Amino acid sequence: EELRVAVVGAGMMGADHVKRITHRIAGARVSAIVEPDAGRAEAAAADAPGSLAFTSIEDAIAAGAMDAVLIATPGQFHAPVLKPALDARLPILCEKPLTQDSESSLEILELEQQLDRPHIQLGFMRRFDTEYQALRDLVVSGESGELLMVRALHRNPSVPESYTNDMLITDSVVHEFDVVPWLAGSPVKSVEVKHPRRNSLAPERLKEPILVIMELENGVLVDVEMNVSVQFGYQVATEAVFEKGIARIGQPSGLQRWDAGFFRVKDHESFVTRFAAAYDAQIQRWVDAVRRGDLIDGPNAWDGYLVALSCEAGVKALNEGGIVPVEAPERPAFYA
Ligand code: ISE
């Protein structure tokens with residue numbers, strides 16, 4: 001039996017997941033699209049033949065329209081979808097962030113813990129990128145010695161009008177708050193944010209780029225260049241400094257051209273192409289896990305909660321300055 005997936009939110013990411021499930025994922029189909037905007041719903045439905053359209057998650061659940069839910073709404077609408085989906089005991093893949101703050105994330109954890117096991121997988125797709133996986137393998141192998149420092153670049157060409165200054169942390173650096181502790185095998189201990197000279201091409205409401213410095217519990221120091229108005233393309237790259245070696249991932253790997261006196265390499269313009277293979281792997285593994293009865297195969301809601309704690313510290317560091325500590329509570333056995 002094919003897994004019937006309801007995609008909630010048919011914006012850029014949701015519409016992309018609808019296409020992915022229809023054309024590239026085995027063992028699943030989009031059975032419902034939940035989207036209040038009629039235009040978006042209709043556009044996405046064209047990529048999901050036979051799917052039903054709903055304007056609320058409650059209606060879709062009442063109609064029994066799905067076996068699993070993929071949440072791709074903007075972050076502030078995650079909690080109102082997570083709650084009824086958990087009540088209905090449905091397996092869930094939730095795009096990042098889990099919720100907007102640690103308090104509402106805790107509420108979700110409490111609801112989930114009333115079920116027999118974790119039902120929520122978090123959409124931290126970088127963990128499914130083959131280069132990130134190779135870098136993690138290198139850290140674990142110890143071949144280059146201990147990891148000392150991580151330099152991360154996170155550059156967007158531009159951001160939508162709905163993107164606020166705090167979202168530099170909660171929507172963007174949120175990825176580094178998940179993937180770097182995963183790479184280094186150690187949680188975030190503190191966060192600091194520095195402001196270089198402001199990019200005059202940034203929208204007026206944004207004071208960026210920013211430099212985010214995090215210290216991990218194991219002493220690894222991480223700097224993240226967060227830059228969302230670079231104009232030219234989309235780049236996510238990392239250089240890891242080890243005791244006896246350096247490793248680099250995320251270099252441009254597109255078409256190489258020699259032309260009119262220049263050498264050029266095609267680079268990405270959006271996360272949709274940069275992480276396409278990672279999203280494919282993430283969704284395929286989630287679908288396989290749900291069909292096997294494991295329900296998740298990747299970061300869980302506890303990981304989402306830890307990231308929410310780091311984001312809170314990050315927003316405080318962004319707005320008030322200083323080095324802000326992060327208290328990482330112990331992982332409950334339920335999320336082991
Ligand atoms: C966006 O929401 C994402 O998740 C992208 O991965 C990130 O690069 C971008 O900065 C966010 O706005």
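Mentor: Start with W302 and Y305: both are buried, a term for under 20% relative accessible area, with exposed over 50% and partly exposed in between (1.4 Å probe, protein chains only). This is a predicted model, in which local features need pLDDT of at least 70 and side-chain atom pairs count only at pLDDT 80 or more, while totals for chains, interfaces and linings use all residues. Residues are numbered from 1 along each chain as its sequence is written, and side-chain values use heavy atoms, without hydrogens and water.

Trainee: What describes a pair of aromatic rings?

Mentor: The distance of the centres and the angle of the planes describe the pair. Rings of Phe, Tyr and Trp (its six-membered ring) pair if their centres lie within 6.5 Å; planes under 30 degrees apart are stacked, over 60 edge-to-face, and the rest tilted. The structure holds 6 such pairs.

Trainee: Why is the pair of Y234 and F271 edge-to-face?

Mentor: Their planes stand at 65°, with the ring centres 5.9 Å apart, so the pair is edge-to-face. Y234 is in the loop between strand 10 (221-227) and strand 11 (235-242) and F271 is in helix 8 (residues 271-274), so the pair ties together parts 37 residues apart in sequence. Helices (H or I, at least four residues) and strands (E, at least two) are DSSP runs, numbered from the N terminus. Y234 is buried at 4% relative accessible area, and F271 is partly exposed at 27%.

Trainee: How are the planes of W302 and Y305 arranged?

Mentor: That pair is tilted, with 55° between the planes and 5.1 Å centre to centre. Both residues lie in helix 10 (residues 301-320), 3 residues apart, about one turn of the helix. Together with F334 and Y335, W302 and Y305 form one aromatic cluster.
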